Amino acid sequence: MFGQAGPVDACTPFVTLASHLPALQVVVPLMAAPLCVLLRRGRLAWLVALIASLAVFATAIALLGRVQAEGSISYLLGSWAAPWGIEYRVDALNAPLLVLIGAMAALAVPYARVSVAHEIPEQQHYLFWATWLLCLTGLLGVTITGDAFNIFVFLEISSLSTYVLIALGRDRRALVAAYQYLIMGTIGATFIVIGIGLLYLTTGTLNIGDLAARIGDAGQLRAELAALAFLTVGLSLKLALFPLHLWLPNAYAYAPSVAAAFLAATATKVAVYLLLRFGFTVFGSSRVFENLPLGQMLLALALAGVLVASTAAIFQENVKRMFAYSSVAQIGFIMLGVGMATPTGLTGGLVHVFNHALAKGAAFMLLGCVVLRLGPPTLERMAGLGRSMPFTAAGLVIAGLSLIGAPGTVGFVSKWYLVLAALERGWWWLALLILLGSLLSVVYVWRVVETCYFREPKTPAREAPMSMLVCAWVLVAGCVYFGLDSSLTLGAASAAAQSLLEALR
Amino acid sequence: MNLLGNVNYWMAMFLLVMGLYIVIARGNLVKKLIGLGIFQTSVYLIYISPGKIFGGTAPIIAEGFRTYSNPLPHVLILTAIVVGVATLALGLALVVRIHEAYGTIEEDELQLQDIDAP
């Protein structure tokens, strides 16, 4: 009985690199991390991280290309057949997310050379890069794996390394923020394990595809509903859904600039992906969305998040903290799309995952430039930035416009779809509230614009170095480019939304 | 009967709620971590309990043994224990650093110290 579950086709004669891309996606950064520790030299470790990140980006693009050409890829780790062994699965939903993580990594590393040298003590550089690569490994692993328990393991790899990255911030409050995040994050992760455990108890499987099939048979057991509840709460903690967002503002505000930029663009997005994976792929066929008010609950919390966090952002003096609160609000917009659970709504939510990553990644990278020249980015210090650091200030304005959702930037595309989805369902009030949320973001972005352009500079500052500006401006240019030509992002998002909603029928 | 039959789950749930309560109610950073440890450990019990089958042995194929306990939950929980140890170690390391930076590990005193920093 047990002997039969051995490796299948273990003696394939031609092992090509291309057939192992899904494994390499995770293995490359995983192996690069200890290499950084062994090298013990900051410069060399940076080089290793750069090569690994570029390799990750290239792998992700190759995988996306294959998924779009041939459909989902299933990769059996160690050639153990799927329900027994761990399966890596790349489909229309997670392939674009892998590209997003890869792109952010490939931009963050060249950006970070100067920023890290400035913000982190020399002797800790190699450890920073090792931790950073582990974080990347975890995020990629969570996204690519098709095994529920493996998701937990990778989630904890990324979370533990995230706590370390945040604690490396220069401000001593970074330590308290990291501790708080550790407590909240571990509670979230433990809830996720309980959920996965209950699913395993009722179905006897951990494979995502297998879970989906067996839950469909079993009907509505109470343990399954409890599993869904634990998973939803745990993942909401990880993705910072209001009111479980309390760890986020301080964590992003006091983390090293490059860590804040990378995490804001990817970490919460991966948690959103997991919620979609469990909510739609696993539970989709068991009709949870019809029998439970899950959609309405997500909508209510998302709306509250948009309004409360945007208002809180208005009153922040530290601009990094302001944008961190804005992240909570933007996650609210993403969850609005998820809660509506219609093709248009989901497309809007998914495209906003990408668009918000671009805008917020750019904003935090540019704030890193401010940190480099002026210290902690408070509004007071940033007065007259438009004159002293013109490129940084201009980039911040465009990223800010994108957060508002001004036409011509990426934010407009996703907000347009969200409003459209609300109107499709006949919810005028929701459309109006989305506009109200955007108006609140006008207020806080205006505060930044006003200080940068309409005040006299207090402290003289030079423009940030080229390596940082170029990386940040690639993202800023992305904000405009994908705002004007949205066919690529919308195509991927609507394909992913379709694949999710198929499970519901 | 049913109540006694599920005693392992009752205990696990009791530990779960107790751990979570300690995390929320205590202001001392080390005590919070103790609560977190109890909270995580309770989940190990939830996983391990159903893997046990009365009269079952370790899943080694041999003459005379026909019932086996499910080994998978044990393996999963070994991984979870490793994660738990790592979390606890990192948490304690952070507490040491916080103590160095602030001179206290009480949450309310920490908040007071940073109240007027920019």
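Chain A has 20 helices and two strands, where helices (H or I, at least four residues) and strands (E, at least two) are DSSP runs numbered from the N terminus. The radius of gyration of chain A, taken over C-alpha atoms, is 22 Å, close to the 23 Å that the globule rule (2.2 Å times the number of residues to the power 0.38) gives for 505 residues, so chain A is as compact as a globular protein of that length. This is a predicted model, in which local features need pLDDT of at least 70 and side-chain atom pairs count only at pLDDT 80 or more, while totals for chains, interfaces and linings use all residues. Residues are numbered from 1 along each chain as its sequence is written, and chains are lettered from A and ligands numbered from 1 in the order in which they are written.

Of the 505 residues of chain A, 63% count as buried; a residue is buried if 20 or more other C-beta atoms, placed from the backbone, lie within 10 Å of its own.

Two alanines of chain A deserve attention for their backbone angles. Ala240(A), in the loop between helix 8 and helix 9, has a positive phi near 65° without being a glycine. Ala240(A) is buried, with 28 other C-beta atoms within 10 Å. The loop between helix 8 (222-239) and helix 9 (248-254) also holds Pro243(A), and the peptide bond from Phe242(A) to Pro243(A) is cis, with omega near 0°. Ala341(A) lies in the loop between helix 13 (319-340) and helix 14 (343-374); its phi is positive as well, at about 55°. Ala341(A) counts as buried, with 22 C-beta neighbours inside 10 Å.

The description now turns to the contact between the chains. Chain B contributes 28 residues and chain A 27 residues, two residues being in contact if their C-beta atoms, placed from the backbone, lie within 7 Å. On the side of chain B that touches chain A, helix 4 of chain B gives the most, with 13 residues. That side has 21 nonpolar residues (Ala, Val, Leu, Ile, Met, Phe, Trp, Tyr, Cys and Pro), three charged residues (Asp, Glu, Lys and Arg being the charged kinds) and four polar residues (the others, Gly among them).

Helix 6 (residues 173-203) of chain A and helix 3 of chain B pack at an angle of about 10°, with their axes 10 Å apart. Axes are lines fitted to C-alpha atoms, for helices over the stretch in contact, and angles run from 0 to 180 degrees between N-to-C directions. The two helices are therefore roughly parallel to each other, a term for angles under 35 degrees.

Technical notes
Parallel < 35°, antiparallel > 145°, perpendicular 65-115°, else oblique. Buried ≥ 20, exposed ≤ 12 C-beta atoms within 10 Å, placed from the backbone.
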